[in-house]
Amino acid sequence: MSVSEAQIRDALKSVKYPGFTRDIVSFGLIKSVNIDNGDIKVQLALSTNDPNVPATIKNEAESALRAIEGIRSAKVLIDIHAPPGGAGTGIGATRIPGIKHVIAVASGKGGVGKSTVAANLAVALEQTGARVGLCDCDIYGPSISLMFGTRERPMATEENKIVPIEQYGLRLMSMGFLLDDASPAILRGPMVTRYTQQFLQQVEWGELDYLVLDLPPGTGDIQLTIVQTVALSGAIIVTTPQEVALIDARKAATMFDKVNVPVLGLVENMSYFLSPSDGKRYDIFGSGGGEREAKRLRVPLLGQIPIDIATREAGDHGVPIAGEDRQSPVSREFKKIAENLRKSLP
Ligand SMILES: Nc1ncnc2c1ncn2[C@@H]1O[C@H](COP(=O)(O)OP(=O)(O)OP(=O)(O)O)[C@@H](O)[C@H]1O
Ligand SMILES: [Mg+2]
């Protein structure tokens with residue numbers, strides 16, 4: 001049995017615009033409907049400054065569509081425009097009121113351990129007695145919600161600000177809290193920029209000593225948007241010791257230079273492996289890469305984090321290692337980095 005466009009529009013009428021009693025069809029948000037046998041693609045367009053709105057609509061619309069008989073898959077794509085006269089366009093980086101220092105954790109290359117470093121650094125900073133927030137800025141692959149074992153949905157205030165989730169004494173915000181597991185954000189180009197800006201500007205952090213931003217991998221538009229939206233105290237670049245990662249670390253350092261954000265230093269992750277059986281050190285990815293690169297960039301090497309099974313496991317089951325086992329070699333390295341950061345950015 002094939003599905004008709006009328007059936008699809010009918011199903012979408014059950015989805016209300018968040019905060020309103022009107023549905024998204026009567027609001028005129030449907031731009032196009034594409035039916036390919038049982039595979040449905042619906043394109044919506046809306047103008048909002050609130051990142052909650054598209055996320056909620058997307059989730060609800062997709063579940064409404066999946067409930068139609070004969071549907072194999074349902075995808076809802078949302079095009080977001082800024083509301084006319086909306087805030088935030090074209091202005092430079094702004095300070096977030098109430099926050100002393102915003103620190104970005106970046107890397108040119110993916111998968112080198114940015115999120116692991118951001119999460120453990122945030123925990124270690126909190127353990128020094130600071131008030132700390134952590135913001136996952138990766139719209140395509142948010143991972144902080146996983147690393148902190150929470151899928152709680154953030155609440156919004158009456159002024160339409162998003163309230164961060166509290167976990168292990170930290171304030172957390174992640175695109176992962178607003179999006180479905182199964183539906184990676186389907187946003188492209190300028191929409192991503194817009195959405196990321198809105199996201200950054202709309203969280204109600206309260207008073208913080210440090211806000212750690214976990215950036216998505218790369219040195220493209222999104223990264224540039226983030227560093228230009230929020231005034232940063234500095235950036236930490238994560239790299240692994242191999243040359244391919246170091247080249248990308250260099251690109252990241254150049255990007256921060258261009259926008260006058262100081263690079264606070266390098267963290268070399270997966271530096272070496274300590275064999276649990278004989279205590280011997282193995283330099284799996286070679287040695288000295290991080291140190292050489294730090295010298296080249298004339299920035300400090302803030303720390304060297306070994307490859308560690310417990311660190312990976314802790315991240316996967318929702319408690320960063322620095323919170324789970326303060327005595328582990330990895331936790332002690334993060335403690336050292338956090339204490340030095342507190343001195344350089346009091
Ligand atoms: N020092 C380490 N020891 C063992 N496993 C690690 C270490 N650092 C990171 N990992 C693991 O490597 C994987 C990638 O790490 P992570 O997600 O932190 O990288 P990322 O740079 O944030 O990736 P992406 O570029 O996708 O955002 C994760 O499974 C993580 O648990
Ligand atoms: Mg990451």
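**Chatting through the model**

A: Asp-79 has 17% relative accessibility, so Asp-79 counts as buried (buried means under 20% relative accessible area, exposed over 50%, partly exposed in between, with a 1.4 Å probe and protein chains only). This is a predicted model, where local features need pLDDT of at least 70, side-chain atom pairs count only at pLDDT 80 or more, and totals for chains, interfaces and linings use all residues. Residues are numbered from 1 along each chain as its sequence is written, chains are lettered from A and ligands numbered from 1 in the order in which they are written, and side-chain values use heavy atoms, leaving out hydrogens and water.

Q: Thanks! Which strand does Asp-79 lie in?
A: Asp-79 is part of strand β3, residues 73–81 (strands are DSSP E runs of at least two residues, helices are H or I runs of at least four, and both are numbered from the N terminus).

Q: And which side chain makes a polar contact with that of Asp-79?
A: Lys-31, at 3.3 Å. A polar contact is a pair of N or O atoms within 3.5 Å; within protein, one must be able to donate a hydrogen and the other to accept it, and residues adjacent in sequence count only if both atoms are side-chain atoms.

Q: Let's switch to Asp-214. Buried or exposed?
A: Buried, because the relative accessibility of Asp-214 is 1%. Asp-214 sits in strand β8, residues 208–214.

Q: Which side chain does the Asp-214 side chain make a polar contact with?
A: That of Ser-115, at 2.6 Å.

Q: How far apart are the C-alpha atoms of Asp-214 and Thr-116?
A: They are separated by 9.2 Å, with the two residues 98 apart along the chain.

Q: Now the ligand. Which residues come nearest to ligand 1?
A: Gly-111, Lys-114, Ser-115, Thr-116 and Pro-306, of the 17 residues around ligand 1 (near means a heavy atom within 4 Å).

Q: What do the side chains of Lys-114 and Thr-116 do there?
A: Lys-114 has a polar side-chain atom 2.8 Å from an oxygen atom of ligand 1. For Thr-116, a polar side-chain atom lies 2.6 Å from an oxygen atom of the ligand.

Q: Which backbone has a polar atom 3.0 Å from a nitrogen atom of ligand 1?
A: That of Asp-308.

Q: How much of ligand 1 does the protein bury?
A: The protein buries 79% of the 630 Å² that ligand 1 exposes when taken alone (areas come from the Shrake-Rupley method with a 1.4 Å probe; for residues, only the protein chains shown count as cover).
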